[in-house]
Amino acid sequence: MAARASGLLTALLAAAAAAAAAAAASPAEVESEAGWDVAPPDLLFAEGTAAYARGDWAGVVLSMERALRSRAALRALRLRCRTRCAAELPWELDPAPPPSPSPASGAAALRDLRFFGALLHRAACLRRCLGPPAAHALSEELELEFRKRSPYNYLQVAYFKINKLEKAVAAAHTFFVGNPEHMEMRQNLDYYQTMSGVKEADFKDLEAKPHMHEFRLGVRLYSEEQPHEAVAHLEAALREYVVADTECRALCEGPYDYDGYNYLEYNADLFQAIADHYIQVLSCKQNCVTELASHPSREKPFEDFLPSHYNYLQFAYYNIGNYTQAIECAKTYLLFFPNDEVMNQNLAYYTAMVGEEPARFISPRESAQEYRQRSLLEKELLFFAYDVFGIPFVDPDSWTPEEVIPKRLQEKQKSERETAVRISQEIGNLMKEIETLVEEKTKESLDVSRLTREGGPLLYEGINLTMNSRVLNGSQRVVMDGVISPEECRELQRLTNAAATSGDGYRGQTSPHTPSEKFYGVTVFKALKLGQEGRVPLQSAHLYYNVTEKVRRIMESYFRLDTPLYFSYSHLVCRTAIEEAQAERKDSSHPVHVDNCILNAEALVCIKEPPAYTFRDYSAILYLNGDFDGGTFYFTELDAKTVTAEVQPQCGRAVGFSSGTENPHGVKAVTRGQRCAIALWFTLDARHSERDRVQADDLVRMLFSPEEVDLSQEQPQDTQEGPPQPVEESLSGSEVGRKDEL
């Protein structure tokens, strides 16, 4: 990144110098008329990159933060000036009668003069407010840097260097939201998630749009069946949408973009030039529909974004018994989709609830009627320009009535759509066939390689292989018994009851996965610290440490890993059933999930990106008891419904598996008693090694002699010479019994 910064430096400094010169050319005019008294964003951005190149981290923060504020102030100035001048000098329709067709008549010339007079006064107002056109111009290169959120890339490094972790996390998250394919930033975020002191609230998007934030929050509350809360946020989203739409449209009234033209050869006459620029502005204003419906986390904008607000609202109002508002929102939605069968049925039902007469006086929202009327008039002009001048226009809305589109364009678009659909279907079918073949071949090779690789020695005497991947109907799965003794199980349970705190490991949430159970936990380092302070038996804490190390070694050996496993997180946790909350319970103790990606069971995909712990590679759970009801561990397919295997917890039993999409899993409800286990997550990447574990290693070296640290009480078995025995042989007599159990 430093090389990139230095590469841009010359161009940025040149642009900044030009901007500074332009600002200095007429300071009185700029400061008095436009009220602009801050340094140009170009100059500040250039200063920030220069500070980055020389390692001046405080200078990076100062310049980049000022650059962001300067650009925001420039945007606000443009909005303020264009809005104010439009309000003070609106276009007025000439009440005079149409001009006579007689060539001698001067009425036409007078009408033209009145039109251009109003135009000149509007331009003068903007000149007084904004200053000269070049005073606040951003170069195309610099505008792109701000759109890509590049300042936050520099800021996250600088804040990290000066130990302002909360701001570094926010800057990193803001940059990543706008650049979700940026692998380096994804790794940075993964690293931040493992750092102590970093809170979930620190991962915030500093460039989040209020209307989109409110809409997504409202939809989430709607889906969680909280209609009162959903209504408040969806109504706020509509208010913010109006503001965002107004701002977006005002910002479209910028200079003409000669895209596709050599501006030196552009020779349109007066009215053609005006038409070209005006159609470009109108097209930009129509495109605000797409811009406001877009979110960096989505590949495509939300479809029918504005109408969908009224769709959610009509049903939310129905759920809270407000039929008047439900009717209003249903009628508003029908402005856009008058033939929607479901919405017409809903409206009929709401009307029946309040009565025909009162319902007749409830109208669609006036703001939506005005929005629709304005949008349709703009579309008519844009389609006219497309038909007559050949200036392309792609309608962003699916609700546009056919009669708005000229007949010639309708036929042309219909033919183009049919061709595009046919080609798309053919390509899609071909790609599906190729993907199916590739997936089948890949799955076959992966399954064979994994099954032949796993099955290494279990290292310690007394440990028995109970189920392998074949018995568990998957890949990279294993269940072992006898990992620890009954006495060790009891000692670790006693440690949990003495050292564990409510909500530990779940950001203080006592019931993180279900309100019917309470969670208590303790990490290895915390247990050792409590042991050092004499608050719990030190030997019990040391046993906890040794047992986790033992499981790590077994996982490395059994799965025949070429690189070592590092602890990503270790947690001794007990979940206790809340007796009074078990009646008619239908939820799980822990819903089906995947350990290193975000599972979307409906789409049968698992998205490997933050906030998932994407660096986790292997997982293990060591059970300490089985004297409770429920709490069965189970594997599923990606649909989170098809159970492929179940594991009943018991003292000394461990289940290990790879952390990816091949192993979705969950825990059934604990309906009575307390279920205790040590949960372990491992990574193959040393950079994501758990910081607490490093501290625990240091503490153990300080507190215990080398002999004690070395797990001398449990020596590994001698490594077998020659190739390993087939897995089926090692299971021999127990395999049938286990299949019956499954």
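Modeller: Let's start with an open sheet of four strands, in the order 6-14-11-12 with antiparallel pairing. Strands here are DSSP runs of E of at least two residues, and helices are runs of H or I of at least four, both numbered from the N terminus.

Biologist: What makes strand 6 and strand 12 the edges?

Modeller: Strand 6 (590-593) and strand 12 (643-647) each have a single partner strand, so one side of each lacks a neighbour in the sheet. From one strand to the next, the twist averages 15°. That angle is taken between axes, which are lines fitted to C-alpha atoms (for helices, over the stretch in contact), on a scale from 0 to 180 degrees between N-to-C directions.

Biologist: How do you know that strand 6 pairs with strand 14?

Modeller: Pairing takes at least two bridges found by DSSP between the strands. Strand 6 and strand 14 (residues 665-667) run antiparallel and are joined by two bridges, so they count as paired. His 590 stands opposite Val 667 in strand 14.

Biologist: Before we go on, what kind of model is this, and how are residues numbered?

Modeller: It's a predicted model, where local features need pLDDT of at least 70 and side-chain atom pairs count only at pLDDT 80 or more, while totals for chains, interfaces and linings use all residues. Residues are numbered from 1 along each chain as its sequence is written, and side-chain values use heavy atoms, with hydrogens and water left out.

Biologist: What is the mean pLDDT of the chain?

Modeller: The mean is 83, and 83% of the residues reach 70 or more; pLDDT is the predictor's confidence in each residue, from 0 to 100. Over residues 1-35 the value stays under 50, and that stretch has 51 contacts beyond four places in sequence. Contact means heavy atoms within 4.5 Å. Residues 710-742 are also below 50, with 43 contacts beyond near neighbours in sequence.

Biologist: Why is strand 2 called largely enclosed?

Modeller: Five of the five residues of strand 2 (residues 477-481) are buried, so the rest of the structure largely encloses that strand. Buried means under 20% relative accessible area, exposed means over 50%, and partly exposed is in between (1.4 Å probe, protein chains only). In a regular strand, side chains alternate between the two faces of the sheet. Here Arg 477, Val 479 and Asp 481 are buried on one side, and Val 478 and Met 480 on the other.

Biologist: Which strands pair with strand 2?

Modeller: Strand 1 (residues 464-467) does, antiparallel over three bridges, with Asn 464 opposite Asp 481. Strand 13 (residues 654-658) does too, antiparallel through four bridges, and Gly 656 is the bridge partner of Val 478.

Biologist: How do you know that Cys 85 and Cys 125 form a disulfide?

Modeller: Their sulfur atoms are 2.0 Å apart, and the cut-off for a pair of cysteine sulfur atoms is within 2.5 Å, so the pair qualifies. The torsion about the S-S bond is about -85°, so this disulfide is left-handed. Cys 85 lies in helix 4 (residues 57-88) and Cys 125 in helix 5 (residues 107-130), so the bond ties together parts 40 residues apart in sequence. A search of the whole structure finds seven disulfides.

Biologist: What makes the disulfide of Cys 574 and Cys 676 right-handed?

Modeller: The torsion about its S-S bond is about 110°, so that disulfide is called right-handed. The pair links strand 5 (residues 566-577) to strand 16 (residues 674-683), 102 residues apart.

Biologist: Why is His 309 called buried?

Modeller: His 309 has 0% relative accessibility, so it falls in the buried class. His 309 is in helix 13 (residues 305-319). Leaving aside neighbours within four places in sequence, His 309 is in contact with Phe 215, Leu 234, Ala 237 and Leu 238.
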